[in-house]
Amino acid sequence: MDKVEVFTDGACKGNPGPGGWGVLLVAGDKKKELFGGEANTTNNRMELTAIIEALTALNRPCEVVLHTDSQYVLKGITEWIEGWKERGWKTAARTPVKNVDLWLTLDAEQARHRIHWHWVRGHSGHAGNERADALANLGVESII
């Protein structure tokens with residue numbers, strides 16, 4: 001399996017409001033940057049979208065070291081998702097899981113890869129996260 005380091009971020013101007021997502025993919029000495037935006041969205045949706053876009057950009061199964069500054073995404077995918085599935089996509093409080101469409105897509109995409117999830121503190125000078133943040137903001141600007 002090829003090894004890819006991935007840095008993702010989401011941004012929103014207002015929550016909800018115009019939002020953007022950004023991705024930095026690094027494989028050896030090769031880098032690829034992706035970004036996009038939506039007119040009326042939330043920060044959490046953009047965080048999820050960034051990761052989905054990163055994983056779908058990979059043409060074959062990879063070993064992925066994925067860096068996110070979103071506790072929502074990290075806990076959702078590593079702690080909460082199995083319970084949501086068992087409860088028919090309901091939370092522990094029996095309310096519908098928010099962003100279920102994106103969680104379903106992420107769950108399917110992650111099954112293709114071996115992912116090592118890492119949380120990084122946002123806006124703390126981590127080079128990959130800072131670049132993903134800048135790309136997410138470009139995504140916002142692309143739709144304003």
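Helix 4, which takes in residues 127-141, has 15 residues and reaches 21 Å from its first C-alpha to its last, close to the 21 Å expected at 1.5 Å a residue (the expected span being 1.5 Å times one less than the number of residues). Helices here are DSSP runs of H or I with at least four residues, strands are runs of E with at least two, and both are numbered from the N terminus. The model is a predicted one, with local features needing pLDDT of at least 70 and side-chain atom pairs counting only at pLDDT 80 or more, while totals for chains, interfaces and linings use all residues. Residues are numbered from 1 along each chain as its sequence is written, and side-chain values use heavy atoms, with hydrogens and water left out.

The buried residues of helix 4 are G128, N129, A132, D133, L135, A136, G139 and V140; buried means under 20% relative accessible area, exposed over 50%, and partly exposed in between, with a 1.4 Å probe and protein chains only. They sit on the same side of helix 4 because they cover an arc of only 165° around the axis, taken from the directions from the helix axis to the C-beta atoms. An α-helix has 3.6 residues a turn, so residues three or four places apart point the same way. Their cover includes strand 1 (2-12), strand 2 (17-27) and strand 3 (30-41).

Those three strands turn up again at the largest pocket, as the elements that give two or more residues to the lining of the largest pocket are strand 1, strand 2 and strand 3. Thirteen residues, written 13, line this pocket, and V4, A27, K30, L58 and R60 lie nearest its centre. By class, the lining has seven nonpolar, one polar and five charged residues (Ala, Val, Leu, Ile, Met, Phe, Trp, Tyr, Cys and Pro count as nonpolar, Asp, Glu, Lys and Arg as charged, and the others, Gly among them, as polar).A pocket is an open set of points on a 1 Å grid over the protein atoms alone, where a 1.4 Å probe fits, with protein on both sides within 12 Å along at least five of seven lines; lining residues have an atom within 4 Å of a point.

Some loop residues also stand out. A cis peptide bond joins N15 and P16, with omega at about 15°, and P16 is found in the loop between strand 1 and strand 2. W89 has a positive phi of about 60° although it is not a glycine. W89 belongs to the loop between helix 2 and helix 3 (100-110), and counts as buried because its relative accessibility is 17%.

Definitions and conventions: Contact means heavy atoms within 4.5 Å.
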